[in-house]
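Have the model open in your viewer and keep the sequence within reach.

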Amino acid sequence: VLAHLNYAAAYGEGFVEVSTKLAGQKVKVWGHYAQNGGAADDEFFAQGSTATDPETVDASAMAFGAQFGKAKKAGSYQIKAMYKKYGNGFNYIYTDSDFAGGGQMDSSGIVLAAAYAPWKKTTIGATYFINTYEDTNTGDYSPLNYNRLQVDFKVKY
């Protein structure tokens with residue numbers, strides 16, 4: 001079991017990961033939560049918020065998921081499912097560049113992934129993103145759907 005807790009005056013985060021074996025395969029379950037306690041006091045107020053209405057700031061981010069197997073040796077595979085959420089008061093530089101189109105605050109959704117190793121140090125994989133995020137370009141902050149299939153061929157050397 002891995003666990004991590006970090007707290008600063010305006011920022012805190014916690015992380016936990018549990019790994020074991022099930023049916024001869026590696027299994028990993030994890031969770032991560034972060035809070036930006038200073039978001040309402042920032043010079044730049046998050047989308048839809050003002051200095052007099054800090055309740056509209058969602059300054060949290062979280063992710064939790066599970067992975068079965070590990071695509072490492074020839075013939076091995078892995079599958080993964082994860083849920084992520086970034087609040088509008090959480091700095092976009094900390095977001096995943098593939099999730100919800102990258103750099104999107106106030107986004108959430110599911111990530112599904114699978115990979116297979118046909119040879120040692122080589123994997124073929126696919127990741128499907130089913131996400132939503134707020135449209136900040138129109139000013140109405142309506143939710144937009146973001147679905148993407150990403151296919152990867154990786155070789156380690």
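Ala23 is exposed, because its relative accessible area is 73%; here buried means under 20% relative accessible area, exposed over 50%, and partly exposed in between, with a 1.4 Å probe and protein chains only. You will find Ala23 in the loop between strand 2 (11–22) and strand 3 (25–36). Strands here are DSSP runs of E with at least two residues, helices are runs of H or I with at least four residues, and both are numbered from the N terminus. Although Ala23 is not a glycine, it has a positive phi of about 55°. Most residues other than glycine have a negative phi, and most peptide bonds are trans.

Before going further, a word on the source: this is a predicted model, in which local features need pLDDT of at least 70 and side-chain atom pairs count only at pLDDT 80 or more, while totals for chains, interfaces and linings use all residues. Residues are numbered from 1 along each chain as its sequence is written, and side-chain values use heavy atoms, with hydrogens and water left out.

Now step back to the whole chain. The protein chain has eight strands and zero helices, so its pattern along the sequence reads β-β-β-β-β-β-β-β. Of its 157 residues, 35% are buried.

How do these strands pair? Two strands count as paired if DSSP finds at least two bridges between them. Strand 4 (residues 60–69) and strand 5 (residues 77–86) run antiparallel, joined by nine bridges. Take Phe64 as a handle: its bridge partner in strand 5 is Tyr83. Tyr83 in turn has a bridge partner in strand 6, namely Ile110, and ten bridges join strand 5 to strand 6 in an antiparallel arrangement. In the loop between strand 5 and strand 6 sits Met105, which counts as buried because its relative accessibility is 9%.

Ala113 stands opposite Thr127 of strand 7. The two strands make a hairpin with two residues between them. Lys121 lies in that loop between strand 6 and strand 7, and its phi is near 65°, a positive value in a residue other than glycine. Because its relative accessibility is 46%, Lys121 counts as partly exposed.

Strand 7 also pairs with strand 8, again antiparallel, through 13 bridges. Thr123 and Phe153 are 30 residues apart in sequence, yet 5.9 Å apart in space, C-alpha to C-alpha.

In a regular strand the side chains alternate between the two faces of the sheet. Ile110, Leu112, Tyr128, Ile130, Leu149 and Val151 form a nonpolar patch with about 530 Å² of accessible area together. Strand 6, strand 7 and strand 8 (143–155) each give two or more residues to the nonpolar patch. Patches are made of residues with over 30% relative accessible area and no salt bridge; like charges are joined within 9 Å, and nonpolar side chains (Val, Leu, Ile, Met, Phe, Trp, Tyr) within 5 Å. Accessible areas come from the Shrake-Rupley method with a 1.4 Å probe, and for residues only the protein chains shown count as cover. A salt bridge is a side-chain nitrogen of Lys or Arg within 4 Å of a carboxyl oxygen of Asp or Glu.

Tyr128, in strand 7, counts as partly exposed because its relative accessibility is 33%. Leu149, in strand 8, counts as exposed because its relative accessibility is 57%. Leu149 and Leu112 are 37 residues apart in sequence and 9.6 Å apart in space, C-alpha to C-alpha.

Finally, there is a patch of positive charge on the surface, whose members include Lys21, Lys26, Lys120, Lys121 and Lys154. Lys and Arg count as positive and Asp and Glu as negative, while His and the chain ends are not counted; the place of a charge is taken as NZ of Lys, CZ of Arg, CG of Asp or CD of Glu. Lys120 lies in the loop between strand 6 (107–119) and strand 7 (122–134), and it counts as exposed because its relative accessibility is 64%.
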